[in-house]
Amino acid sequence: MGEVVLAAKITHVPSIWLSIQTGKHHGIRRHAEVGLAEVGRRARERGADTFVVADSHWMNSMSFHINGKARHQGSYASHELPHFIADLEYDYPGCQELAQLIGEEINAGGQKSMVHDVKDLGLEYATLVPMHFMNRDGNPLAVVPVGCNIYSSIDENRRVGEAIARAVLRSDRKVAFLASGSLSHQFPPNEISSQYLDKISNPINEQADRLVLDQWRTGRIAEFLSALPAYNERFTGEAAMADTAMLFGILGWDGYSGHGEQLCDYFPSSGTGQVIVDFPIPDGLKA
């Protein structure tokens, strides 16, 4: 029987990639680099053999999609921000068996899903940036990306998270689940966007984000979830907060009693709110 050994909300912003390049931005996201590496260390320490990533940059408009390739290999440039991320080479094993189980369980729960083994289906940077810091050694863990449907509801994504948990329990894998997306996600107008590398778009967004973090750290998860649809709408949730709804679906939704552990300082990046939080795994997800 499989097991979820780690569940975290993580950042993937391109400025983290800039932070490890030579030039004027070198080191600007050092705390996020360290936080992502710590998530990877914890995953290995807890025996993980697979990362399942809810990738908010693999945005789907119909159905729920899982990348079921046996191997993910290529070189990536961001079509959104090619001046931030280019020539990012990657090579990770996949896990076709787990991908198929996730697809089966999503369908069994009444959703529509498809599992893909397509030569030219590459990885997006919401997977690639975290993996660069978490999964770099000579024996990389398997990677299973799950797309985020931008037209799905919070409740649909809750059920997808529950399906992922069921699939893991049916498998023989030890899984680290990553909800790879921001908190508030409002970009500034294009004319002034270059001025916002280290700024939030609106002070009220940061206030809302910090309230969310306080709810997570103090275990007020039911309070957070009751406000999540409104938070998503008013603060421009990334990919409709699909990754976050999946995360709490895996953890048990409003029955979850854990307290999140923040692994890096909250920071703004290009107007958006970013953080890394590790959530303890409830007993029901353990083998």
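## Ground rules

Because this is a predicted model, local features need pLDDT of at least 70 and side-chain atom pairs count only at pLDDT 80 or more, while totals for chains, interfaces and linings use all residues. Residues are numbered from 1 along each chain as its sequence is written, and side-chain values use heavy atoms, with hydrogens and water left out.

Helices (H or I, at least four residues) and strands (E, at least two) are DSSP runs, numbered from the N terminus. Buried means under 20% relative accessible area, exposed means over 50%, and partly exposed is in between (1.4 Å probe, protein chains only).

## The nonpolar cores

Let's start on the inside. In soluble globular proteins, nonpolar side chains tend to be buried together. A nonpolar core here is a set of buried Ala, Val, Leu, Ile, Met, Phe, Trp, Tyr and Cys residues joined through side-chain atoms within 4.5 Å. The largest one has 55 residues, and Ile164, Trp216 and Phe248 touch the most other members. Apart from that core lies another, made of 38 residues, including Trp17, Tyr92, Met134 and Ala176.

What does Trp216 touch, leaving aside its neighbours within four places in sequence? Its contacts (heavy atoms within 4.5 Å) are Lys9, Leu183, Ile221, Phe224, Thr244, Phe248, Gly258, His259, Gly260, Val277 and Phe279.

Two packed helices are described by the angle between their axes and the distance between the axes. The axes are lines fitted to C-alpha atoms, for helices over the stretch in contact, and the angles run from 0 to 180 degrees between N-to-C directions. Angles under 35 degrees count as roughly parallel, over 145 as roughly antiparallel, 65 to 115 as roughly perpendicular and the rest as oblique.

Helix H6 (residues 203-217) and helix H7 (residues 221-234) have axes that come within 9 Å and cross at roughly 150 degrees, so the two are roughly antiparallel. The crossing is left-handed (the near helix is turned anticlockwise from the far one by less than a right angle; clockwise would be right-handed). On the H6 side you'll find Ala208, Asp209, Val212, Gln215 and Trp216, which meet Ile221, Glu223, Phe224 and Tyr231 of H7. Sorted by class, that contact has six nonpolar, one polar and two charged residues. For that sorting, Ala, Val, Leu, Ile, Met, Phe, Trp, Tyr, Cys and Pro count as nonpolar, Asp, Glu, Lys and Arg as charged, and the others, Gly among them, as polar.

Is helix H4 (residues 125-134) largely enclosed by the rest of the structure, or open to the outside? Ten of its ten residues are buried, so H4 is largely enclosed.

Helix H2 (residues 30-45) packs against H4 at an angle of about 70 degrees, with the axes 7 Å apart. That makes the pair roughly perpendicular, and H2 passes H4 in a right-handed crossing. Glu33, Leu36, Ala37, Val39, Gly40 and Arg44 of H2 make the contact with Pro130, Phe133 and Met134 of H4. Here the classes come out as six nonpolar, one polar and two charged. Another H2 residue is Arg41, which is partly exposed at 41% relative accessible area.

## H3 and H5

The axes of helix H3 (residues 96-108) and helix H5 (residues 154-170) come within 8 Å and cross at roughly 135 degrees. That makes H3 oblique to H5, and the crossing is right-handed. From H3, Leu98, Leu101, Ile102, Glu104, Glu105 and Ile106 meet Val160, Ala163, Ile164, Arg166, Ala167, Val168 and Arg170 of H5. This contact has nine nonpolar, no polar and four charged residues.

## Strand and loop residues

Val146 sits in strand S7 (residues 142-149) and is buried, at 1% relative accessible area. Not counting residues up to four places away in sequence, Val146 touches Val52, Val53, Ala54, Asp55, Trp58, His65, Ile66, Ile164 and Met246. Asn60 belongs to strand S2 (residues 50-60) and is buried too, at 6%.

Most residues other than glycine have a negative phi, and most peptide bonds are trans. Ser63 has a positive phi, near 75 degrees; this residue lies in the loop between S2 and strand S3 (64-67) and counts as buried, at 17%. Asp87 also has a positive phi, near 60 degrees. Asp87 is in the loop between strand S4 (71-76) and strand S5 (88-93), and is exposed at 65%.
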